[in-house]
Amino acid sequence: MELLNFSYPANNRIARRAHVGVVASGDLEILMEPSDGAHAHIVVNTNIDGFGSVWRNVLERFFLRFDAVARIEINDFGATPGAVMLRLQQAAEAAGRWQ
Amino acid sequence: MAVTDQDQEAPSYLIHRSFIEMRARERARAILDPGTFRELLGPFDRLKSPWLPRQGVVAQADDGVVVARGTLDGRRAATVMIESAFQGGSIGEVSGAKVAGTLELAYNSWENGRPTIVVLGLESGGVRLQEANLGLAAIAEIHAGIIALRAHVPVIGVISGTVGCFGGMSLAAALCTCLVVTREARLGMNGPEVIEQQAGLAELDAADRLLIWRLIGGEQRYSIGLADVLVEDDADAIAAAVRAASIHSPGKSPAPSTQVIRFLQRLKCINPAEPPDAATLRALWSRETEP
């Protein structure tokens, strides 16, 4: 099991907190909450060790478009990068954009 | 060519909303009156298992149990849906406490003149092995909670499949006022894989799905009187079955777990040296012929 931390500069706000997914084989759970400051903070708990660079790639790509200040907790049970991206987009959609 | 004819009836597999394919939160929403779902101790409360990460297993923010308040046809209700996709719906210290705590809350609620029907989604492999005795203790509390509550308000169990309900939670299922199952459900003390591992392939081939469902599947369990209602895997059908069960006044028919003599008589007609097959057992323990 590995714990990874990431942080990205962000400008926008999300409207509400969002929870998607399940810690099930090949899937993951995401908890996204509004926060203060100028960064998005992401904590990844994953049961598969040694894929830090893959996580960085997926998250960097997601934050090219997401750009919102938020606290994001990811509990991963072996989701593929494609599944991770879909779940992140699902969470972002559920969290909405702060007007 | 795309189907454009509006009059043409959609095939049944499109009309049906599969309960099995829903996650725990969706299941609770499907059972409760629309718009009444209100979650207690949700994922953002982060009541996780403290034991799983120490053993290299990623914890889930709600520990795999979704507790919600709401109503059933306007009457106060609570649903406890076990998320079978997380650790096989296993019961650990936290998830077990959430189930037992809900039963206790409902009991207190009854004592204060506000009866609350409890619906349990029992999709569970039983105790979570990583949490051993803490899980077992929680399951004992769940049993005691159901027995205390069912004297006053209905406690309705639902096993939809396809994980099924095993171990200590199968006892919880047997303690319910009413048990609703689908054909895809399974109900038993030991799971087929465990039996095969412990007693060998000659005893039971866990890969033989037809055999497994004939033995412990929902239809068989209903036919021999170990489940009360058999429904299709359809969210509306399950919600309707739960509502029908929730209007029965408690204590009207004695709970199966109090019918000791009846079940002892059932056991007497079986010779363990020649274990009956599924069809023979149905004939011996038929719900139609038995008083």
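In chain B, seven strands make an open sheet of mixed pairing, ordered β1-β2-β3-β4-β5-β6-β7. Its edge strands are β1 (38-40) and β7 (229-231) of chain B, each pairing on one side only. On average, neighbouring strands of this sheet are turned by 25° against each other, direction ignored. Strands (E, at least two residues) and helices (H or I, at least four residues) are DSSP runs, numbered from the N terminus. Two strands pair if DSSP finds at least two bridges between them. Axes are lines fitted to C-alpha atoms, for helices over the stretch in contact, and angles run from 0 to 180 degrees between N-to-C directions.

This is a predicted model: local features need pLDDT of at least 70, side-chain atom pairs count only at pLDDT 80 or more, and totals for chains, interfaces and linings use all residues. Residues are numbered from 1 along each chain as its sequence is written, while chains are lettered from A and ligands numbered from 1 in the order in which they are written.

### Strand pairing

| Strand pair | Sense | Bridges |
|---|---|---|
| β1(B) and β2(B) | antiparallel | three |
| β2(B) and β3(B) | antiparallel | eight |
| β3(B) and β4(B) | parallel | five |
| β1(A) and β5(A) | antiparallel | eight |
| β5(A) and β6(A) | parallel | six |

Start with chain B. B:R38 has B:R69 in β2(B) as its bridge partner. B:V67 is bridged to B:V80 in β3(B). B:A78 stands opposite B:V118 in β4(B). Seven of the eight residues of β2(B) are buried, so the strand is mostly covered; a residue is buried if 20 or more other C-beta atoms lie within 10 Å of its own, exposed if 12 or fewer, and partly exposed in between, with C-beta atoms placed from the backbone. Helix α2 (residues 24-31) of chain B lies across β2 (65-72), β3 and β4 of chain B. Helix α2 runs at about 155° to β3(B).

Now chain A. A:T46 of β5(A) stands opposite A:E2. The bridge partner of A:T46 in β6(A) is A:D76. β5(A), helix α1 (residues 52-65) of chain A and β6(A) make a left-handed β-α-β unit. For handedness, the strands point away from the viewer; a crossover is right-handed if the path from the first strand over the helix to the second runs clockwise.

### Cores and interface

The largest nonpolar core has 67 residues. B:V118, B:V180, B:I238 and B:V242 have the most contacts inside it. A nonpolar core is a set of buried Ala, Val, Leu, Ile, Met, Phe, Trp, Tyr and Cys residues joined through C-beta atoms within 7 Å. Apart from it lies another core, of 33 residues, including A:I30, A:V44, A:F62 and A:L88.

Two residues are in contact if their C-beta atoms, placed from the backbone, lie within 7 Å. Leaving aside neighbours within four places in sequence, B:V118 is in contact with B:A78, B:V80, B:T102, B:L103, B:A106, B:L149 and B:V155.

Between the chains, 13 residues of chain B are in contact with 14 residues of chain A. The chain B side has nine nonpolar, two polar and two charged residues. Here Ala, Val, Leu, Ile, Met, Phe, Trp, Tyr, Cys and Pro count as nonpolar, Asp, Glu, Lys and Arg as charged, and the others, Gly among them, as polar.

### Helix α3 of chain B

B:Y107 is found in helix α3 (residues 93-111) of chain B. B:Y107 is partly exposed because 18 other C-beta atoms lie within 10 Å. Beyond four places in sequence, B:Y107 is in contact with B:A148 and B:L149. The C-alpha atoms of B:Y107 and B:E203 are separated by 43 Å, with the residues 96 apart along the chain.

B:V94 is also in helix α3 of chain B. B:V94 counts as buried because it has 25 C-beta neighbours inside 10 Å. Not counting residues up to four places away in sequence, B:V94 touches B:L47, B:K48, B:S49 and B:D63. B:V94 and B:A138 are 44 residues apart along the chain, and their C-alpha atoms are separated by 8.5 Å.

β2(B) and β3(B) form a hairpin with two residues between them. B:D73 in the turn has a positive phi of about 50°, although it is not a glycine. B:D73 counts as exposed because it has 10 C-beta neighbours inside 10 Å.

B:A132 also has a positive phi, of about 35°, and is not a glycine. B:A132 is found in helix α4 (residues 132-150) of chain B. With 13 other C-beta atoms within 10 Å, B:A132 is partly exposed.

The peptide bond from B:G161 to B:T162 is cis, with omega near 0°. B:T162 is found in the loop between β5 (155-159) and α5 (168-175) of chain B.
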